[in-house]
Amino acid sequence: MALNDAAKLLAQARHVVVFTGAGISAESGVPTFRDALTGLWSRFDAQALATPQAFQEDPDLVWGWYEWRRQLVQRVRPNQGHLAVARLATHVPQLTVITQNVDDLHERAGSESPVHLHGSLFSPRCATCSRPAPLPAGDEQPEEGRRVPPPHCAHCAGLIRPGVVWFGEQLPEAALESAARAASECDVLLTIGTSGLVYPAAELPRLAARSGAAVIQVNPQPTPLDPIARVNLVGPAAEILPGLVSAAWS
Ligand code: BJW
Ligand code: ZN
């Protein structure tokens, strides 16, 4: 049975990497990017919002979108999937959590220092001088699709931008390096709720597999990572992960 196979691999591992995408936060109420009915980008054009060019052309639209998402995330809670990932740290000798998500639900579930490959909704910075900027005051969630003008930098008056990684931008070097190191050294990589379409993040499970690790995938849908997964657990993360952790350490 797939769950028992995955539990055995986890229980024997010395270093486990958990690699997460938007799907792990779906059951908290945070929309994914590419799911046909609920994805954020089924309502908005991704290329129109998640690129440096879009911010240059229409900063109010892009800032408004990120403010809407930041405040949505502040109103939701970590789910059983995030909590099970945090519990893993009490069982395995070494655990590295690598997330593509810009929310803070792993931290709020109790995972210490997850590696954020694509930045964070909570670390705005100046688009001109790159200095960090304070989060805007107020917690009134703007209406979906509403334009909100970004604040100006206190040092150079440049526009403040979200601290996330847009298409065509480099990932934070230290984060990518430590993620690649962990992926190449681990015994098991557990990939959860990612479509595996966005690079260089999507290379990490492949790197782990090439380095001899067992890849376990948790996802209700097929993904391009299916062929490299030693075990495929088909279903939602908040249902599968608590059972997986219990099966490994019962
Ligand atoms: C559930 C579930 C449940 C549902 N339980 N699961 C090589 C080949 C081709 C292209 C490239 C390449 N290398 C680089 C590129 C270009 C580009 C890229 O990858 N393009 C592809 C789309 C083709 N990459 C980049 O531009 C990157 N930068 C870069 O490469 O720099 C170097 C460079 C610079 C300049 C020139 C040349 C090179 C940067 C990528 C940044 C990605 N940023 C985003 C936005 C972040 C900010 C924001 O949040 O708005 O990151 S895009 C978006 O996708 C976001 C996500 O982190 C990322 C991944 O998405 P994720 O998490 O997988 O979500 P979904 O929605 O796709 O999937 C959800 C999954 O969950 C599904 O599978 C569901 O089934 C599942 N699910 N419910 C479990 N309950
Ligand atoms: Zn500045």
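Residues are called buried below a cut-off of under 20% relative accessible area, exposed over 50% and partly exposed in between, with a 1.4 Å probe and protein chains only. The legends below describe a predicted model, in which local features need pLDDT of at least 70, side-chain atom pairs count only at pLDDT 80 or more, and totals for chains, interfaces and linings use all residues. Residues are numbered from 1 along each chain as its sequence is written, chains are lettered from A and ligands numbered from 1 in the order in which they are written, and side-chain values use heavy atoms, with hydrogens and water left out.

**View 1**
Thr223 is located in the loop between strand 7 and strand 8; helices (H or I, at least four residues) and strands (E, at least two) are DSSP runs, numbered from the N terminus. With a relative accessibility of 9%, Thr223 is classed as buried. Its side chain and that of Gln217 are joined by a polar contact of 2.8 Å. A polar contact is a pair of N or O atoms within 3.5 Å; within protein, one must be able to donate a hydrogen and the other to accept it, and residues adjacent in sequence count only if both atoms are side-chain atoms. Not counting residues up to four places away in sequence, Thr223 touches Thr194, Ser195 and Gln217, where contact means heavy atoms within 4.5 Å.

**View 2. Thr194 in the loop between strand 6 and helix 10.**
Thr194 has a relative accessibility of 6% and therefore counts as buried. Its side chain makes a polar contact of 3.0 Å with the side chain of Gln100. A polar atom of the Thr194 side chain also lies 3.2 Å from the backbone nitrogen of Gly196. Beyond its neighbours within four places in sequence, Thr194 is in contact with Phe19, Gly21, Gln100, Asn219, Thr223 and Leu225.

**View 3. The surroundings of ligand 1.**
There are 36 residues around ligand 1, of which Arg34, Tyr66, Gly168, Thr194 and Ser195 come nearest; a residue is counted as near if one of its heavy atoms lies within 4 Å of the molecule. An N or O atom in the side chain of Tyr66 is 2.6 Å from an oxygen atom of ligand 1. Backbone atoms also take part: a polar one of Glu169 is 2.7 Å from a nitrogen atom of the ligand, and an N or O atom of the Tyr199 backbone lies 2.7 Å from a ligand oxygen atom.

**View 4. The site of the zinc ion (ligand 2).**
The protein donors are Cys126 (SG), Cys129 (SG), Cys153 (SG) and Cys156 (SG), at 2.3 to 2.4 Å from the ion. Donors are N, O and S atoms within 2.8 Å of the metal (3.2 Å for Na, K and Ca); water is not among the atoms, so sites may look incomplete. The angles among the four donor atoms are 98 to 119 degrees, and the site is tetrahedral, a label given to four donors if all angles lie between 85 and 135 degrees. Ideal angles at a metal are 109.5 degrees for four tetrahedral donors. The spacing of the donor residues in sequence is C-x2-C-x23-C-x2-C. Cys129 and Cys156, 27 residues apart, both lie in the loop between strand 4 (119-126) and strand 5 (160-164). Cys129 is partly exposed at a relative accessible area of 28%, and Cys156 is partly exposed at 33%.

**View 5. The largest nonpolar core.**
This core has 27 residues, and Leu190, Ile192, Ile216 and Leu241 touch the most other members. A nonpolar core is a set of buried Ala, Val, Leu, Ile, Met, Phe, Trp, Tyr and Cys residues joined through side-chain atoms within 4.5 Å. Elements giving two or more residues include helix 1 (2-12), strand 1 (15-20), strand 6 (188-192) and helix 11 (237-248). Helix 11 supplies the largest share, six residues. Apart from this core lies another, of 20 residues, including Val115, Leu117, Cys186 and Leu204.

**View 6. Helix 7 and its N-terminal end.**
Asn79 caps the N-terminal end of helix 7, with a side-chain oxygen 2.6 Å from the backbone nitrogen of Gly81. The buried residues of helix 7 are Gly81, His82, Ala84, Val85, Ala86 and Leu88. Leu83, also found in helix 7, is partly exposed, with a relative accessible area of 31%.

Technical notes:
Tetrahedral: all angles 85-135°; square planar, octahedral: opposite > 155°, others 65-115°.
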